[in-house]
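This briefing covers pockets, salt bridges and a few selected residues. Please keep the structure open while reading.

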Amino acid sequence: MRVYLPCTLPALAAAVKAGEVGPAPLTGYAVTPALTEWYASGDTEELEYVALTEAARASLRLLAAAGGEAPPRRVVVAVEVPDREVSAGVGIEERGRVRLAGPVPLAKVAAVHVDDHDAVADIEAAIAALPASDAGDDDAKFTVDGAEAHELMWYATQEIPDLLAT
């Protein structure tokens, strides 16, 4: 199963150093039965994009929690893991959220998705707007949603060292 794990650039660097994405348990996003039910008209590619987008939203929250210690670029690590290693929520509010009980070896990483440098200003604005957005402020929600206007760039696993060097 393809699972999208929200991350940050420093956490990705730590994963490379450790040889695995962790520590466990890991929260990720995938095409689950609840997501399929919620998005009934989508094909697999569309559903995977929804899961990737959910992971990017979670990455934004990780950046906010880092308090400026991580570069303001959303990171999503796409991994391939056996279905038996994935547990999914059953509620519609958890539509694509899954848990992995153990760390994921780097050999299971399929790709990394990262914001381009051009997205930095919008990501910074979205991070600053998160508290007001969570409190229901429509303008802040618009700012947070604006981060999603930026498509994440795709990097092959062999490009990760170059990505981390920038």
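The lining of the largest pocket is made up of twelve charged, seven nonpolar and two polar residues. The model is predicted. The second largest pocket has a lining of 13 nonpolar, two polar and one charged residues. Five salt bridges turn up in a search of the whole structure.

**Largest pocket**

- The largest pocket holds about 400 Å³ of space.
- Its lining counts 21 residues, and those closest to the centre are Glu54, Arg57, Arg61, Val144 and Glu148.
- Three helices each supply at least two lining residues: H3 (44–65), H4 (120–134) and H5 (138–146).
- Helix H3 gives the most to this lining, with six residues.
- Glu54, among the residues closest to the pocket centre, sits in helix H3.

**Second largest pocket**

- The volume of the second largest pocket is about 290 Å³.
- It is lined by 16 residues, and Pro6, Cys7, Gly22, Leu26 and Leu62 are the closest to its centre.
- Strand E1 (2–7), helix H1 (9–18), strand E2 (20–21), strand E3 (26–29) and helix H3 each contribute at least two residues to the lining.
- Helix H1 gives the most here, with four residues.
- Helix H3 supplies at least two lining residues to the largest pocket and at least two to the second largest pocket.

- Glu54 and Arg57 form a salt bridge, with their closest N and O atoms 2.6 Å apart.
- The side chains of Glu54 and Arg57 are also joined by a polar contact of 2.6 Å.
- Glu54 and Arg57 are about one helical turn apart, because they are three residues apart in helix H3.
- Arg57 also forms a salt bridge with Glu148, and here the closest N and O atoms are 2.4 Å apart.
- Arg57 lies in helix H3 and Glu148 in the loop between H5 and strand E9 (153–155), so this pair ties together parts 91 residues apart in sequence.
- Glu54, Arg57 and Glu148 are all listed among the residues closest to the centre of the largest pocket.

- Is Glu54 buried or exposed? Glu54 counts as buried because its relative accessible area is 17%, under the 20% limit.
- Arg57 is partly exposed, at 36% relative accessibility.
- Glu148 is partly exposed as well, with a relative accessible area of 25%.
- Leaving out residues up to four places away in sequence, Glu54 touches Tyr29 and Arg95.

- Arg2 and Glu80 form a salt bridge, and their closest N and O atoms are 2.5 Å apart.
- The pair links distant parts of the chain: Arg2 is in strand E1 and Glu80 is in strand E4 (residues 75–80), 78 residues apart.
- Arg2 is partly exposed, at 27% relative accessibility.
- Glu80 is partly exposed too, with a relative accessible area of 33%.
- Strand E1, which holds Arg2, also supplies at least two residues to the lining of the second largest pocket.

**Ala64 on helix H3**

- Ala64 belongs to helix H3.
- Why does Ala64 count as partly exposed? Its relative accessibility is 30%, and partly exposed covers the range between the buried limit of 20% and the exposed limit of 50%.
- Which residues does Ala64 touch, not counting residues up to four places away in sequence? Ala64 touches Ile127 and Leu130.
- The C-alpha atoms of Ala64 and Leu130 are separated by 7.9 Å, although the two residues are 66 residues apart along the chain.

Key. Residues are numbered from 1 along each chain as its sequence is written. This is a predicted model: local features need pLDDT of at least 70, side-chain atom pairs count only at pLDDT 80 or more; totals for chains, interfaces and linings use all residues. Side-chain values use heavy atoms; hydrogens and water are left out. On a 1 Å grid over the protein atoms alone, a cavity is a set of points where a 1.4 Å probe fits but cannot get out, and a pocket is an open set with protein on both sides within 12 Å along at least five of seven lines; lining residues have an atom within 4 Å of a point. Grid points are joined across faces, edges and corners, and a volume is the space filled by probe spheres set on the points. Ala, Val, Leu, Ile, Met, Phe, Trp, Tyr, Cys and Pro count as nonpolar, Asp, Glu, Lys and Arg as charged, and the others, Gly among them, as polar. Buried means under 20% relative accessible area, exposed over 50%, partly exposed in between (1.4 Å probe, protein chains only). A polar contact is a pair of N or O atoms within 3.5 Å; within protein, one must be able to donate a hydrogen and the other to accept it, and residues adjacent in sequence count only if both atoms are side-chain atoms. Contact means heavy atoms within 4.5 Å. A salt bridge is a side-chain nitrogen of Lys or Arg within 4 Å of a carboxyl oxygen of Asp or Glu.
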